[in-house]
Amino acid sequence: MTELNQIDLRSLAVGHKRTWDAFVVAASPLINAVVRRSLSSFRLGDDDVLDAAQDVFVRLCANDFRLLKTYDPSRAGLSTWLAVVARSAAVDFARRRRQTTSNIDDVPESALAVEDRHVEKLRIPDGLLTERQTLILKFLYDEERDVAEIAQLLKIDAQTVRSTHHKALLRLREHFREDAP
Amino acid sequence: MSTERTPKNDRDLWQSLALDRAVAPAAVSDLEFAAWLEGNLPETETARIDAAVATNPEMRLAAMELAEILGKPLPAAPDRMAVRAKALVGFETERRTSRSFGWLAGLLPSFDGGFGFQRGAMAGAAVMIAAVGFMMGGGLGQSYAHEKYASAEPTTITNPLGVDTTGQLNDLFTDSL
């Protein structure tokens, strides 16, 4: 079986049938995994996964392979780019499907409720934290991810995540005149 | 702005704060996001994508899910998925894109008469090629004609049974007993 990185992209972008078929075989496991994962929170079935995956392939070859032609191998690997495209297409698919099928009676009341309480927050001035520090704090506290997950995502050591977090907190506490615990 | 003391706990401190961004981060393309996921961007571009991801919960979720999927072996996809996807591109597309008759069209002068005129010129060229082929095949035609008409010429069989049996046959019908 041809690997994704062995696909002749030039031949693929001009629509050669054999190259397309080889690409489909090589890309299907990745597209299947990404679509399945993306749709898992939307509670859609196996047929929806197939339809959403088909949407991904349609996107890739539509308008004379316009999307495929935007891919630049010098910037990112084909698998990573394809995974991003597949996720984006799957989320669009799920939103369309949910818009057409969900009944308001099926949506829990808590999801429709609007919180009346207004909590005013302290503003972090622009430039106080670096973008990387902000991102790490977001992942740690807003997404409740652990250090190992963040390190894997950002391709850095777990120790770098910890030290970035520590420095960010020091800056925040210093700015808001709060002693470190 | 609240004047309450900031909380001691790191998590509570963070959750009592809000980013004060004057400008919303710029949009991130699929290719930029992929390059960021691979850690292939220069520092300034990385910071730009970091900012976009930090302000967009959907992008944070996407980043985590994709990093997880890309970091482990993938299960096989259902066969139907590949069958349906393969059907999206047919040989017709290949013919159209590769312009299989392009080599012949390239030999023709470029006219401004459009596709219809070019098709007419192609048909004319095809007729000419067929005519030349017919003429070049004349030798074969002659030999065929020779064989055909030769078979129609009358033949004289001088001795069809190989030996002269006239006398023996006569003997059978004569009443010589």
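In the predicted model, A:Leu50, A:Ala53, A:Gln54 and A:Phe57 of helix 3 of chain A meet B:Arg80, B:Met81, B:Arg84 and B:Ala85 of helix 5 of chain B, where two residues are in contact if their C-beta atoms, placed from the backbone, lie within 7 Å. By class, this contact has five nonpolar, one polar and two charged residues, with Ala, Val, Leu, Ile, Met, Phe, Trp, Tyr, Cys and Pro counted as nonpolar, Asp, Glu, Lys and Arg as charged, and the others, Gly among them, as polar. Helix 3 of chain A and helix 5 (residues 79-86) of chain B pack at an angle of about 35°, their axes lying 10 Å apart; axes are lines fitted to C-alpha atoms, for helices over the stretch in contact, and angles run from 0 to 180 degrees between N-to-C directions. The crossing of these two helices is right-handed, that is, the near helix is turned clockwise from the far one by less than a right angle.

The model is a prediction, for which local features need pLDDT of at least 70 and side-chain atom pairs count only at pLDDT 80 or more, whereas totals for chains, interfaces and linings use all residues. Residues are numbered from 1 along each chain as its sequence is written, and chains are lettered from A and ligands numbered from 1 in the order in which they are written.

Across the interface as a whole, 61 residues of chain A are in contact with 59 residues of chain B. Helix 2 of chain A gives the most to the side of chain A that touches chain B, with 12 residues, and the residues of that side divide into 31 nonpolar, 12 polar and 18 charged. Three bridges join strand 1 of chain A to strand 1 (residues 17-19) of chain B, and the two strands run parallel; strands pair if DSSP finds at least two bridges between them. Within this pairing, B:Leu17 is the bridge partner of A:Leu122.

The secondary structure of chain A comprises eight helices and one strand, helices (H or I, at least four residues) and strands (E, at least two) being DSSP runs numbered from the N terminus.

As regards confidence, the model scores ipTM 0.84 and pTM 0.68. Chain B averages a pLDDT of 73, and 54% of its residues score at least 70, pLDDT being the predictor's confidence in each residue, from 0 to 100. Over residues 110-114 of chain B the pLDDT is below 50, and this stretch has two contacts in the model beyond near neighbours in sequence. Where pLDDT is low, the predicted coordinates should not be read in detail.
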